[in-house]
2 protein chains.
Amino acid sequence: MNASLHPQILQRPASPALLDALAQRFGEHFTTSLAIRQQHGRDESPFDVPPPAGVVFCTSTDDVADAVKLCAEYDTPVIAFGAGSSLEGQLLAVHGGISLDLGRMNRVLAIAAEDMSATVQAGVTRLQLNDELRHSGLFFPIDPGADATIGGMTATRASGTNAVRYGTMRENVLALTAVLADGRIVRTGTHARKSSAGYDLTRLIVGSEGTLAIATEVTLKLYPQPEAVAAAVCSFPDVASAVDCTIATVQAGIPIARCELMDAHSVRAVNAHDHLGLSEQPLLLMEFHGSPASVREQAESVQAIALGHGGSHFAWADTPEERNRLWKARHHAYFSALQTRPGCRSVTTDTCVPISKLAESINLTVAEADAAGLPYFIVGHVGDGNFHVGYLIDPTQPAERELAERLNAQLVRRALALGGTCTGEHGIGLHKQGFLREEVGDDVLDTMRAIKEALDPKGILNPGKIFP
Amino acid sequence: MNASLHPQILQRPASPALLDALAQRFGEHFTTSLAIRQQHGRDESPFDVPPPAGVVFCTSTDDVADAVKLCAEYDTPVIAFGAGSSLEGQLLAVHGGISLDLGRMNRVLAIAAEDMSATVQAGVTRLQLNDELRHSGLFFPIDPGADATIGGMTATRASGTNAVRYGTMRENVLALTAVLADGRIVRTGTHARKSSAGYDLTRLIVGSEGTLAIATEVTLKLYPQPEAVAAAVCSFPDVASAVDCTIATVQAGIPIARCELMDAHSVRAVNAHDHLGLSEQPLLLMEFHGSPASVREQAESVQAIALGHGGSHFAWADTPEERNRLWKARHHAYFSALQTRPGCRSVTTDTCVPISKLAESINLTVAEADAAGLPYFIVGHVGDGNFHVGYLIDPTQPAERELAERLNAQLVRRALALGGTCTGEHGIGLHKQGFLREEVGDDVLDTMRAIKEALDPKGILNPGKIFP
C-alpha cells in the first residue's frame, strides 16, 4: 500500500473524561457535533480521514494553553486549525484528538508603523491584515493564494506570488507567542530586526506544521506600499520560453515583485471562469514595485528580455482595478481548473529548484504530463524556481490517482537530483513524508525527530505529520 | 562574583589516550604546543581562560567528523575555531577540550553564478570570497567588519554594515554541511531559494555558536554587483540628529545599502589612524546600490532628509578608491579607538532595538557614558537599530571593567524594555548569558536547553557557552 496515498490511521477514541473537561472549561466553545468535526477534519488535500473527536473554538492564547494542558493530561493529540486551506493533509486527525480552531483569534493586536511590523493573532487572514493596513502606508506581502490565516502560513512556511522579492514566512516572522506541548506559553524573538540571542526558535517553529508548538500570536515584517506598481502580462509560444524569460530576468538582478507562470491549460480555465479573453498560450504575469522611475526602468528591461524570448501580447495593467482583475484570475486558477472537470480533485505538486535548473525541471514535466494523458494545469512562482502541477483526477478512479502520484514522484526525484526540494511552500503533511526522507536522508530526519521528541515527549502535537 | 566578568572555568585535563589518538589520526596537523594552544584560547573578548589541551588543523569535513568522534569517545569538549575574531568569548575553552581550527578549510567549492549562490568551506573568509567572486558579477554582502570566516559568521549569526539592505547570516545561508555531536555528517537545506521540507535545521544551526553542530561547508546567497554604487558622508551636530535622519530614511522605505553611525570619538580615532580629515562630529556613512538612476534618486532623497536634520559637510565618494578609504576607516574604528588609550581593552555592547526606539536607546546611552567618565566610542549599524558602545578600559583596573559592565547592563535592560535584544550580531558566548535569560525567560531557555540536550547529549560541543 502506498503510504502517500493512504495515510496510516491510528485513531483511538478520545477519553470521555477529557471531553467532559473540555466541555466544562470551554462551554459552548467546545463541540463534538459531527458536522463541525467533519468540517475540521478535511483540508484541500485528497485524503479521507475520520474527523477529530471534538473542536475547541479558542479565543485567546490562554484558551490554547488550557486546551493543550487538558489534552496533554489525557495523552490526546491536538491539531491547530486556521482556514482549512492546507494542501498536504496537515489538519487531518490521523491519530484522532482535538482540533483547536484559532479562527476566532482574529485581532490585529498592534501595527507598529514606524517599525514596519505588526503583531496579529494567529487566526487573522492575510487579506484581513492588508485590509487593516490599507491606511498605514504599509502592506504584508506574503500571498499563498488562498486567504489563509497567518498562523497557518507560519505553520507551513508559506510563500506565494511575492516571495521572489519579499521572501517567505521564514524571512518575515520576527517573533512568536506559542504554546508548547505541555501548555506553557513562550515568546520567541524580539521586535528588533535582527538578533544573535541564542537558538532561533522562531524559525524552528515556522514551518513545523504544528508539531513543535502552536503559534498563537505572530509579529510580522511589513513593507512600505510601493509608490508605483505596474503589472504586465505577456504570452509565450511555449512554457520553455516563458521560463527562459524568467531565468534571464532574475539573473539580470531585476527586483521583480511577482513573476507568475500560467500554462495554456490554466489560462483556458481562468478565461472560462473569469471571462478574461487572455491569449490561450503560456503566459507570465508580472508585477513591478518601486518609485515611478524605477518601475519604468524594471518594466522596460523585462519587456526587452521577454521580446527576446518570443514574448507577445505584452499588455500593461496600470490601474488597481485591472491589476486586481488579473491577480484574482491568477488566484482563481486552482478552482477554475477544478471546474474544467466536474467532480475532480487535484493532486498538486510543489517542487522548487535552483533557478538555473528550472527549465530542465519544468520542460520534462510538461512532456511527461502530456504523454500521460491526465488533464492537468501548471502555475508557478517561477521567479523562485517553484511551480505547481495540478493533476485533475477522478477520485472514483484509483488508477488516476496512482498515475498522478507516479508523475509527482518522477517530478520530485528530478527536483532532488537538481539540488531542489520536494516542497517549496506547501509543507510535508501526510503526503510528502517519503519524499522528505529521500530529500534529507536518515541522519537529518533523526535530528528532526530528536528535536520533536525533546519538545513534545508525549507526541501530542499534530502527530502523524512530517515524519514517515 | 559577577559571572559576566569571571566565567566559571571547569577545565579537566584531557585524557592522554585521546591526545595519543588525535596525534595518530592527524599527525602533524595535531599539536599540543603551548604557543599554538594559547593562540586558539583567546578571541577579541576581555576574558582570560587557560587554553585548550590541543589543536587539530582540519582540512576536510571528514577531519572534523573524525576529531569529533574521537573527542566524543573521551567525553571531551570540541570548539571550532575560524579567524579568532569573536567578541563574546565564544572560542574560550572554559571546559577544556580540543580546538578544531577550520582555517585551512579555505576553498570556495562552487560558484553557481546562474543561481546566485556559492558553496564554501567554513574557513573561507568574507574578503577571500569576495575576491574570488570579483569577476563573477556577484558579491557576498555580509560584512561584520573583521575578516571573519564564513563558518564563524554562521556560528554567531553575524551581520554588519550591509544588513539593513541584504539581511544577516540568518537570511543568507541556504544550506549547510555540518558535523553532529557524534561525528555524523549531515546536509541541511537545499540550493533552492525556498523550501517547506521539515524543520529548518539550517537556521537552527546558524547562530548556535558551535553548540549544536559544527558547520564545515556553507551555501550562501549572492547578489548581483550593483550597476552603480555611491557612498556619502554627512556630519551632524549630535548623535541624536544623525539617528533621527536614519530613522526617517528607513521609514521612507529608501533601500539604503549601508547606514553607519560614528560618534565624534570614533571620528577622532579614525582621523588619527587613517589621516582622513573628517569633521570631528557625529557622522553617517551611507552607501546606495542600484541602477544609476535609482542610486541618484535614493541619494537625493537621503540628502534632503539629512539637511532637514541638521546634516552638513555632505560629501560624495564616487570612485571605488574613495569609497574603500572611507569603509576601511569605518572598519578600523574599533582598532583605531583602542589606540587612543594604549594598553586598553574594549568592553563592547551590541544591543539592537526596533528602529522607532533607537533614538531613546542611544541618546540615554550617550548621556550615561558621558556622565560615567570612561573613555568610549560609538559605532552603529543604525539602519537596523543596532549600535555598539566600546568602553575603553584599563584591564589592570578592575573598577573600570565593573563600571563598563554596569553601563552595559543598563543599556541592555533598556533595550529589552524597548522590545529589543541584548545582542544584534555578536552572540551570547560567555558574556551575555545572564542577559539571555532576562531577554527570553526561563521557559524559552529551557526549550533551547532541551534542544541542546537532544542533539548533544554528552554536552561536548562548545560547552559553557550560551546557557547560564
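In this predicted model, 69 residues of chain A are in contact with 69 residues of chain B, where contact means that the C-beta atoms, placed from the backbone, lie within 7 Å. On the side of chain A that touches chain B, α7 (169-172), β9 (185-189), α8 (201-205), α11 (292-308) and α15 (433-455) each supply at least two residues. Helices (H or I, at least four residues) and strands (E, at least two) are DSSP runs, numbered from the N terminus. The biggest giver to this side is α15(A), with twelve residues. By type, the side of chain A that touches chain B holds 27 nonpolar, 26 polar and 16 charged residues. Here Ala, Val, Leu, Ile, Met, Phe, Trp, Tyr, Cys and Pro count as nonpolar, Asp, Glu, Lys and Arg as charged, and the others, Gly among them, as polar.

How do the two chains relate? A rotation of 180° with 0.0 Å of shift along its axis superposes chain A on chain B, with an RMSD of 0.0 Å; this is the relation of a two-fold axis. The superposition is by least squares on the C-alpha atoms of residues with pLDDT of at least 70 in both copies. Since 100% of the interface residues of chain A are also interface residues in chain B, the copies meet through the same surface.

Now look inside chain A. An open sheet of four strands runs in the order β1-β2-β4-β3 (chain A), with mixed pairing. Its edges are β1 (30-31) and β3 (78-81) of chain A, each with a single partner strand, so one side of each is left without a neighbour in the sheet. Strands β2 (residues 54-57) and β4 (residues 98-101) of chain A pair in the parallel sense over four bridges; pairing requires that DSSP finds at least two bridges between the strands. In β4(A), Leu100(A) is the bridge partner of Val56(A).

Finally, find helices α13 (residues 358-372) and α14 (residues 398-417) of chain A, which pack at an angle of about 165° with their axes 10 Å apart. Axes are lines fitted to C-alpha atoms, for helices over the stretch in contact, and angles run from 0 to 180 degrees between N-to-C directions. α13(A) and α14(A) are therefore roughly antiparallel to each other, the word for angles over 145 degrees. Among the residues that meet are Leu364(A) in α13(A) and Leu407(A) in α14(A). This contact of α13(A) with α14(A) has seven nonpolar, three polar and two charged residues.

Residues are numbered from 1 along each chain as its sequence is written, while chains are lettered from A and ligands numbered from 1 in the order in which they are written. As this is a predicted model, local features need pLDDT of at least 70 and side-chain atom pairs count only at pLDDT 80 or more, whereas totals for chains, interfaces and linings use all residues.

Terms used:
Angles under 35 degrees count as roughly parallel, over 145 as roughly antiparallel, 65 to 115 as roughly perpendicular and the rest as oblique. Two residues are in contact if their C-beta atoms, placed from the backbone, lie within 7 Å.
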